Amino acid sequence: MSADRHIDHSSPMHQFVIGRLNDWQLGGLDISFSKAAAFMFGAVIVATLFLVLTTSKRSMVPGRWQSVSELWYEFIADMIKETIGSDGRKYFPFVFSLFSFIVMCNLLGMLPYAYTVTSHIAVTITLALSVFILTTFIGITRHGTHFLSFFVPKGVPLVMLFLVVPIEVLSYFMRPISHSVRLFANMTAGHTMLKVFGAFVVQMGVFGVLPFALIVALTGLEVAIAVLQAYVFTILTCLYLNDAIHLEH
Amino acid sequence: MPQFWMEDFAPQMVWLVISFIALYLLMARVALPRVANVLETRHGRIADDLDQAAQLKAQAETVISEYEAALVKARTEAQATIAQAGIEAAGVAEKRNAEVANVLATEAAAAADRIATAKNDALAEMRGVAAELAKAAAERLIGAEVPQSDVDAAVDGAMTNSGGGS
């Protein structure tokens with residue numbers, strides 16, 4: 001580890017160190033397993049086990065846990081139906097996996113001592129770029145060169161097009177950035193804030209009860225943000241898919 | 001910020017791709033078909049139940065209409081029976097009335113005969129008694145025997161004058 005990588009244990013940023021557990025290399029590619037990777041697999045395992053175990057009884061009248069799985073499923077199914085329509089059914093497993101992965105990473109990150117996978121731009125940009133590449137690929141394969149008409153809004157005077165088209169192209173290529181930064185920034189800010197107030201609790205002694213109360217409230221807010229940001233990321237994915245499939249603004 | 005340590009990007013991305021593909025496969029092959037199956041089974045079951053309910057309702061309506069038809073039929077039959085019975089009863093009553101009237105008429109005629117006979121007998125007897133009384137009275141008054149024929153003529157004349165006799 002280089003010197004500039006040292007970060008003090010008491011720093012609110014220390015929680016974002018990915019926590020390398022080994023130093024695996026594969027043909028020059030760094031594939032070191034880390035706390036981050038462990039939490040990614042944790043999210044995969046929790047999501048899968050939850051869905052499988054709660055539906056093991058296959059009750060006609062669902063219990064509480066089975067209802068959660070059914071709501072979870074129908075939430076994404078309805079989201080796709082409303083934003084994309086029946087053409088979006090094909091992408092249901094992808095969108096569902098994306099939402100499940102993000103929501104599970106966000107929520108696991110809320111546990112004490114846990115690591116938040118989605119607080120890293122490396123993770124969110126990978127997810128956002130995957131969506132970007134997928135939607136662009138779908139747009140081109142479905143519409144061919146006609147896909148370029150997406151950058152030319154209808155009803156705009158010809159002169160204005162010289163201004164509008166570059167803006168449209170730029171905004172299209174900015175999508176993965178806004179898409180990924182939104183999630184990363186929300187997660188980083190929330191967890192940093194909790195850590196900062198956590199330090200206040202210790203420093204302020206008896207009066208630490210005040211920041212403590214604030215932390216309790218903020219934790220509730222952060223749980224809501226964890227779900228909300230997963231929802232936002234997913235619905236944006238649906239909207240981008242819809243743009244690619246239907247070429248509509 | 002550890003988020004901008006570029007050397008951490010590669011391992012995160014590698015494990016993200018691996019874990020996300022794993023999640024995608026688990027969702028697409030295992031978890032989602034299970035949940036979909038549960039939901040479809042329920043929707044199918046609800047649809048079946050609704051169908052069955054509709055069938056039962058149709059059956060119930062058929063039974064009700066059959067019952068009502070039977071009721072109407074029974075009522076019509078009952079009215080016909082009542083009317084028939086009324087006609088029969090009227091016939092019987094008329095017949096009996098006629099019989100009774102006949103009997104009464106016969107008896108009345110017989111009674112009239114008997115009355116006439118009795119009256120004639122009484123008149124004949126009265127005539128004899130009157131004749132004897134007249135004869136005896138005449139004998140007392142005139143002291144001579146009046147011939148029986150004169151007495152009879154006188155009594156007949158008196159009876160005829162008084163309006164008696166038949």
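In which helix of chain A is Phe41(A) found? In this predicted model, Phe41(A) belongs to helix α1 of chain A. Phe41(A) has 15 C-beta neighbours inside 10 Å and therefore counts as partly exposed, since that class lies between the limits of 12 or fewer for exposed residues and 20 or more for buried ones.

The overall architecture of chain A is considered next. Six helices and two strands make up the secondary structure of chain A, and from the N terminus the order of elements is β-β-α-α-α-α-α-α. The C-alpha trace of chain A spans about 65 × 55 × 45 Å along its principal axes. Of the 249 residues in chain A, 33% are buried.

Confidence in chain A has a mean pLDDT of 92, and 98% of the residues of the chain reach 70 or more. By element, the lowest confidence in chain A is that of strand β1 (residues 25-26), with a mean of 88, and the highest is that of α3(A), at 97. Where pLDDT is low, the predicted coordinates should not be read in detail.

The largest nonpolar core contains 59 residues. Within this core, the residues with the most contacts are Met40(A), Ala43(A), Val95(A), Ile102(A) and Cys105(A). Two or more core residues come from each of α1, α2, α3, α4, α5 (158-203) and α6 (209-246) of chain A, and also from α1 (9-142) of chain B. The largest share of the core, 11 residues, is supplied by α3(A). For Val95(A), with neighbours within four places in sequence left aside, the contacts are Ile76(A), Ile80(A), Thr234(A), Thr237(A) and Cys238(A).

Ile80(A), Thr234(A) and Cys238(A) also take part in the contact between α2(A) and α6(A). The axes of these two helices, α2(A) and α6(A), come within 9 Å and cross at roughly 35°, and the crossing is right-handed. From α2(A), the contact draws on Met79(A), Ile80(A) and Thr83(A), while α6(A) contributes Thr234(A), Ile235(A), Cys238(A), Leu239(A) and Asn242(A). By class, the residues of this contact of α2(A) with α6(A) comprise five nonpolar, three polar and no charged.

The contact between the chains involves 39 residues from chain A and 32 residues from chain B. On the side of chain A that touches chain B, at least two residues come from each of β2 (29-30), α1 (35-54), α2 (64-83), α3 (92-108) and α4 (121-143) of chain A. The largest share of this side, nine residues, is that of α1(A). The side of chain A that touches chain B divides into 24 nonpolar, 11 polar and four charged residues.

In chain B, Val146(B) occupies the loop between α1 and α2 (148-161). Val146(B) has 16 other C-beta atoms within 10 Å and so is partly exposed. With residues up to four places away in sequence not counted, Val146(B) touches Lys135(B), Ala138(B), Glu139(B) and Val151(B). A distance of 189 Å separates the C-alpha atoms of Val146(B) and Glu7(B), which are 139 residues apart along the chain.

Backbone geometry was examined at two loop positions in chain A. Most residues other than glycine have a negative phi. Arg58(A), in the loop between α1 and α2 of chain A, has a positive phi near 50°. Because Arg58(A) has 13 C-beta neighbours inside 10 Å, this residue is classed as partly exposed. Tyr113(A), in the loop between α3 and α4 of chain A, likewise has a positive phi, near 65°. Tyr113(A) is exposed because 5 other C-beta atoms lie within 10 Å, a count that falls under the limit of 12 or fewer.

Terms used
Residues numbered from 1 in each chain as written. Chains lettered and ligands numbered in written order. Predicted model: local features only at pLDDT ≥ 70, side-chain atom pairs only at ≥ 80, totals over all residues. Contact = placed C-beta atoms within 7 Å. Helix = DSSP H or I, 4+ residues; strand = E, 2+ residues; numbered from the N terminus. Nonpolar A, V, L, I, M, F, W, Y, C, P; charged D, E, K, R; others polar. Core = buried A, V, L, I, M, F, W, Y, C linked by C-beta atoms within 7 Å. pLDDT = per-residue confidence, 0-100. Axes fitted to C-alpha atoms, helices over the stretch in contact; angles between N-to-C directions. Left-handed = near helix turned anticlockwise from the far one by under 90°.
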